[in-house]
Amino acid sequence: MPRPPNYEFQDWWNKQRENGHDVVPEKYECTTNSDNINNNNNNNSNHHHPNSPFLTVEIRNPSSDPAVDKEMRARSVRQLSGIYLLKLQQIAYSVVYAVIYVVRTIQSRSASDSSHSRFYRAIKWMLILVISLLCFELAAYFKGWHFSPPTAETAELMVEFVYATWLQVRADYLAPPLKSLGHTCIVLFLIQSLDRLVLVIGCAWIKFKKVKPKAAMAYPVGKGDDEDLEDYPMVLVQIPMCNEREVYGQSIAAVCIQDWPKERMLVQILDDSDDLDVQLLIKAEVLKWQQRGVHIIYRHRLIRSGYKAGNLNSAMGCDYVKDYEFVAIFDADFQPTPDFLKKTIPYFKGNDDLALVQTRWSFVNKDENLLTRLQNINLSFHFEVEQQVNGVFINFFGFNGTAGVWRIKALEECGGWLDRTTVEDMDIAVRAHLCGWKFVYVNDVKCLCELPESYEAYKKQQHRWHSGPMQLFRMCFIDIIRSKVSWAKKANLIFLFFLLRKLVLPFYSFTLFCIILPLTMFIPEAELPAWVVSYVPGFMSILNILPAPRSFPFIVPYLLFENTMSVTKFNAMISGLFRFGSSYEWIVTKKLGRSSEADLVAFAEKESDSTFPRSTSESGIAQMNRLGVTRKTERRNKLYRKELALAFILLTASVRSLLSAQGMHFYFLLFQGISFLLVGLDLIGEQVNTTSS
């Protein structure tokens with residue numbers, strides 16, 4: 001049964017209204033500044049039936065005073081103005097602080113090798129030029145001069161006359177030399193592409209015919225009781241290193257567990273470290289292996305002249321070296337398998353004219369980040385195609401500086417290690433080739449090593465690798481001409497080995513895609529055809545990526561990154577060719593020790609069924625703790641000015657290409673500019689700076 005309605009509150013409300021009392025308090029009255037609204041039902045609203053279930057509320061609209069309203073509006077405007085001025089002041093302070101912070105960050109994080117170089121200044125002036133041209137072209141575009149260009153005779157304004165003069169100068173004086181330079185680079189591009197295609201065809205023929213270098217003998221796997229020590233030649237193993245805190249232990253362990261008679265092998269640890277803590281760590285590691293019966297010695301030079309070449313040459317001067325026939329060389333981050341010597345030494349048997357057996361590199365961190373993946377593509381092509389084809393067809397290739405075995409007699413005959421360039425490995429290989437020695441490349445034997453994981457380390461490595469060959473070419477050109485080798489070998493050395501693969505490649509790559517292509521956007525009379533911009537580079541990228549098919553999804557980043565690295569390679573090539581100071585810089589590539597010694601020992605046990613102590617890593621850690629050495633890893637991006645300047649040049653050119661509706665050129669310039677920008681901001685690879693305290 002419903003509850004009966006209660007009319008007491010309604011009766012009280014109506015009585016209060018009849019007596020003229022305000023039922024709604026003043027603070028709840030609703031007022032407005034609009035014109036008063038006449039309510040014709042006011043009288044009726046006071047005479048509801050006492051039993052009505054509805055509650056009636058009156059909303060009053062009192063008349064407002066204009067003077068008061070005007071004063072309130074003025075006060076509100078002043079308050080809002082003050083608030084906005086305060087906000088603008090805060091924004092201005094924030095902008096100034098941000099600009100100061102950015103400037104200081106740029107100064108502190110800019111790479112030291114680019115801020116004062118002539119090459120960087122040239123790029124900076126080019127950036128200023130293209131930005132000025134873009135502003136000029138945009139103004140002309142909005143004026144409609146792109147569709148009906150003015151002439152010098154019909155120009156009414158000074159701006160029209162200037163634009164008409166620019167069009168005439170551009171067509172008559174700038175376009176012809178730029179077009180000629182572009183055609184020259186295109187010809188070089190096609191020649192280098194043809195060389196790559198021939199190498200790939202040669203590699204395919206080797207795979208199809210299953211052509212491999214053959215050894216005259218083979219050593220048994222493991223250690224037998226009836227083996228004759230005289231069958232094992234005396235081998236010297238050298239590990240040059242310099243402040244290799246992260247990797248010294250794993251390389252020493254890999255060499256010391258070689259499946260080779262201990263009486264027939266001597267390990268030299270050639271330490272050029274200037275860090276006393278690292279020296280003590282390496283000495284402790286050497287002492288540990290000496291106590292286990294390994295013939296291993298520690299050498300440290302007080303005067304570090306000649307860098308790696310000086311270190312190797314000093315070690316070869318020891319009196320006991322004359323008792324050894326072969327020398328195997330490994331950098332500090334390389335870890336040969338226990339059967340390395342058993343798989344390489346047999347190639348020397350019966351080949352008295354063989355000087356070098358080079359093996360392939362295998363990378364423990366190739367999938368670590370995008371930078372290492374792109375490096376793996378390049379180096380896979382180098383070893384699988386270049387080294388293998390040259391080794392099979394002409395028995396000559398550049399020594400890779402590590403993971404190889406030399407005949408000591410060949411080293412001595414060609415003059416030993418020289419420190420005249422930063423590529424001592426290529427230097428000694430060229431001199432040995434001119435003396436008539438032959439090389440063998442074994443693609444099946446792989447040696448584990450590390451790839452640089454930071455762009456800074458990779459850039460310094462590439463600078464050394466591309467400046468050194470030009471130094472060497474300048475120094476040995478006359479020696480090549482005067483040598484007794486055939487003219488075919490001389491032509492191969494001069495035109496293919498040095499000029500085409502070491503000089504032409506960085507020259508056309510940088511000049512064509514980073515200089516000529518952006519300029520043609522502002523000088524359309526010298527426009528490059530689309531096949532030069534997209535089709536041929538794409539086809540060559542496919543050829544380069546064939547030895548590493550798993551990397552095929554990275555083909556576009558690989559193409560863009562190779563063009564991005566052309567600025568470093570071109571700068572290095574020019575500095576080496578014209579003897580600039582930076583061409584003689586030697587900086588040890590930073591390693592992070594990705595492959596642990598525990599993994600190495602486990603691999604050795606699996607391969608050779610031997611039992612090795614597992615205390616290798618522990619001794620190093622304990623020694624570091626006793627020395628009070630701590631490692632601190634800091635991640636910090638650097639800024640590379642040359643790359644950033646080129647990024648803005650390419651992006652500016654891409655904006656200009658939109659005015660001419662050049663679709664293919666626009667996309668190439670846009671993505672290439674973004675690639676330069678990412679590299680310039682150090683957003684590729686790891687930014688790791690390991691220090692000790």
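Me: Is F439 buried or exposed?

Reply: Buried means under 20% relative accessible area, exposed over 50%, and partly exposed in between (1.4 Å probe, protein chains only). F439 has a relative accessible area of 0%, so F439 is buried. This is a predicted model: local features need pLDDT of at least 70, side-chain atom pairs count only at pLDDT 80 or more, and totals for chains, interfaces and linings use all residues. Residues are numbered from 1 along each chain as its sequence is written, and side-chain values use heavy atoms, leaving out hydrogens and water.

Me: How many aromatic pairs does the structure hold?

Reply: A pair of aromatic rings is described by the distance of the centres and the angle of the planes. Rings of Phe, Tyr and Trp (its six-membered ring) pair if their centres lie within 6.5 Å; planes under 30 degrees apart count as stacked, over 60 as edge-to-face and the rest as tilted. The structure holds 31 such pairs. One of them is W205 with F393, tilted, at 5.8 Å centre to centre and 40° between the planes.

Me: Which parts does that pair tie together?

Reply: W205 lies in helix α5 (residues 158-209) and F393 in helix α10, so the pair joins parts 188 residues apart in sequence. Helices (H or I, at least four residues) and strands (E, at least two) are DSSP runs, numbered from the N terminus. W205 is partly exposed at 41% relative accessible area. F393 is also partly exposed, at 47%.

Me: What is the geometry of F396 and F439?

Reply: Their ring centres are 5.8 Å apart and their planes at 40°, so this pair is tilted. F396 is buried, with a relative accessible area of 1%.
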